[in-house]
Amino acid sequence: MDTDEFRKFGKIAIDYLANYLDTIRQRTVLPDVEPGYLQKCLPESAPQTGEHWSEIFAELEKFVVPGLTHWHSPSFHAYIPTANSFAGIVGELMMAGIGGITTTWDSNPASVELELKMMDWLVKMLNLPEHFLNTSDGMGGGCIQNSASESTLLALQTAKRRLMDLSKEDTLGQKLVAYTSDQSNSSVEKAALLASIVIRLLPTDTNGCLRGEVLKKSINEDKEKGFVPCCVIATFGTTGICSFDNVEELAEICRSESIWLHIDAAYAGTALVCPEYRYLMRGIDKVDSFNFNPHKWMRVNSDCSALWFKDTTYVEKLTSCEKVGSNPDDIPNIHLWQIPNCRRFRALKLWFVLRIQGVEGLRAHVRKQVGLANYFVELVKSDERFEVCTSNLGVITFRLKGPDGPTKLLLDKIREGRKIFVMPYCHLNKFMIRFVVCSSFTEKPDIDNSWRHIEDLANNIEYSKEEYINPVLRTASMKDEIRRRN
Ligand SMILES: *Cc1c(COP(=O)(O)O)cnc(C)c1O
C-alpha cells in the first residue's frame, strides 16, 4: 500500500466511524450471538497473500459488527462510562501515525514534555495538591499509565519498597498486609495477588464508605498476629454504587502508622473538575498516590490513566536498574514511574481532548450526565412499585419494592430484550438493578425510552407472586448470583 492508497483507506475508515456513531441509536445495544459464533465465521489461518482493504470492511460489517456490544449506545447503562469523543478518536489516530514510542527524554523529547505538561494541566483542572505538579520544587509528579489496575499495582509495589527503607530490614520474609474496602474494584484484589500481599476487604458503612475506626481495628488485629501493614487503597467513587471512602480519617491513621495511602478515583476523579464536588475529596493533600482514568469520564478514548505520587523517590528506587537509561537533570524520570519500558504518545490525545473541550466543556459534560441520572431517579420515584436504593454521580441502583424475586425476574427480562444494557448489584443484602448514564450521546429522550422499556417489562411481571423466588437462586450466594448474571 502506498500513501495514496492509505489516504483512501483512512478516509473510508473515518466515514465508516462517523456513520457508525450517527446510527448508534438505532442499533440494539446487546448482540444476539452464541459463544463461538465468530470462531466459525473466520478462516482457520491468516491469508497467504495480502487482501484489499475493501474486503476487510465487508467482513467487518458481516461478521464482527453483529457480535458487538455497542458501548457508546445511549441505551448502554452498564459498567461505567468509557470515553469516546471525536477529539479522542482523532488523537488516537494521530498518536498511532506519528507517535512512535517513548522511553527517556532523548527517545522522544516532545512526547515526554507534552506528557509532563498535560499532567500538570490535570492537577490544576482537578484542583489537586500542588505537590503533584511535575514543575513543583519537591519530588512529586505524575505520568500516564495504561489502566487503574496497573496504577494500583505500582502503588502497592512502591509501598512495599518504601517499607523496606523504613524498616531497615529485609521485608521479604515479613507478612505484609494491605487494606481496601469490600466495595473496591476487583482490580485492587488482583493487584494484591500480583504483589504477593495479603489484602483485607474491610466492611463499609451503610453508605458504602470505609471509615477510619474499621481500618484501625483491623490494623491492630493484624499487628497482634505478626502482620506488617503496608498500604491502604481507598476508593473515590466505587464501581458498584459510586460511594466514597473517608479519606481524611484513613489518611490520619496511615500517617500515624507510616502506611502508604493510594486513592483509586478511576471513574469519579473526573468530577473534581467541578468545584461543587470537591468537598468529596477532603484529605487528598495527605495521600501518597492518586489515580483516575481520563479514559472513563473525561472524554479521552482508552487508554489513558493518570497517576501521581507525592514523592517519586520510592517508585524510582523500585524500578531503577543498570540497563535503564537516564534523563537530562531537569527532566523528571517518568520512564521510571511505570511498569512497561516504553510508552505510547498518549499525551497527544489528552492534549487534543483538553483543547477541544476546555475545562468548561468537561464541567458541562459531567453536569449533563449527572443531570440525566437525576432525571432517571425522578422517573423511578414516580412509579410507586419501585424504590431508588442509591444515586451518586450518575450511578443509580433501584429495585421493585419487597422481596428480591421480582427484581431478578425484571432484570432477566431486560437482558433477554437486549434493548438496554443494565447490570445487577447487591448491597445491604438487597438485589438491585444498576443503571449508569454512560454514553456521551445520551439525551433526555433516551432516558425516557430506557425507563419506558423497564416499566413496560415490569407491567408484565406478576411481581407480587412470591413463588417466583426460584429455589436455586435462593440458595446461591449473592456473589454467585452476580457472576451468573454478568
Ligand atoms: C473502572 C475501575 C477500575 C479499573 O480500571 P482499569 O483502568 O480498567 O484498570 C478500578 N477502580 C475503579 C473504582 C473503577 O471504577
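I started with the contacts of Lys 296. Leaving out residues up to four places away in sequence, Lys 296 touches Ile 80, Pro 81, Thr 82, Ala 83, Ala 266 and Tyr 267. I note that this is a predicted model.

Next I looked up where Lys 296 sits. I found Lys 296 in helix α10, which covers residues 294-297. Is Lys 296 buried or exposed? Its relative accessibility is 16%. I count Lys 296 as buried, because the cut-off for that class is under 20%.

I then checked the record. An unreviewed UniProt entry annotates Lys 296 as "modified residue: N6-(pyridoxal phosphate)lysine".

I moved on to the sheet. In what order do the four strands lie? I read β8-β9-β11-β10, an open sheet with antiparallel pairing. β8 (386-392) and β10 (423-427) each have a single partner strand, so they stand at the edges and one side of each lacks a neighbour in the sheet. Neighbouring strands are turned against each other by 35° on average, direction ignored.

I took a closer look at one strand pair. β8 pairs with β9 (residues 395-400) over six bridges, in the antiparallel sense. There, Val 388 stands opposite Phe 398 of β9.

Last, I asked which helices meet this sheet. Helix α13 (residues 405-417) packs on it and touches β8, β9, β10 and β11. The direction of α13 makes about 35° with that of β11. Helix α12 (residues 346-381) lies across β8, β9 and β11 (430-436). I logged its run at about 160° to β8.

Methods. Residues are numbered from 1 along each chain as its sequence is written. This is a predicted model: local features need pLDDT of at least 70, side-chain atom pairs count only at pLDDT 80 or more; totals for chains, interfaces and linings use all residues. Side-chain values use heavy atoms; hydrogens and water are left out. Two strands pair if DSSP finds at least two bridges between them. Helices (H or I, at least four residues) and strands (E, at least two) are DSSP runs, numbered from the N terminus. Axes are lines fitted to C-alpha atoms, for helices over the stretch in contact, and angles run from 0 to 180 degrees between N-to-C directions. Contact means heavy atoms within 4.5 Å. UniProt positions are given in the numbering used here, feature names are shortened, and annotations may be inferred rather than shown by experiment. Buried means under 20% relative accessible area, exposed over 50%, partly exposed in between (1.4 Å probe, protein chains only).
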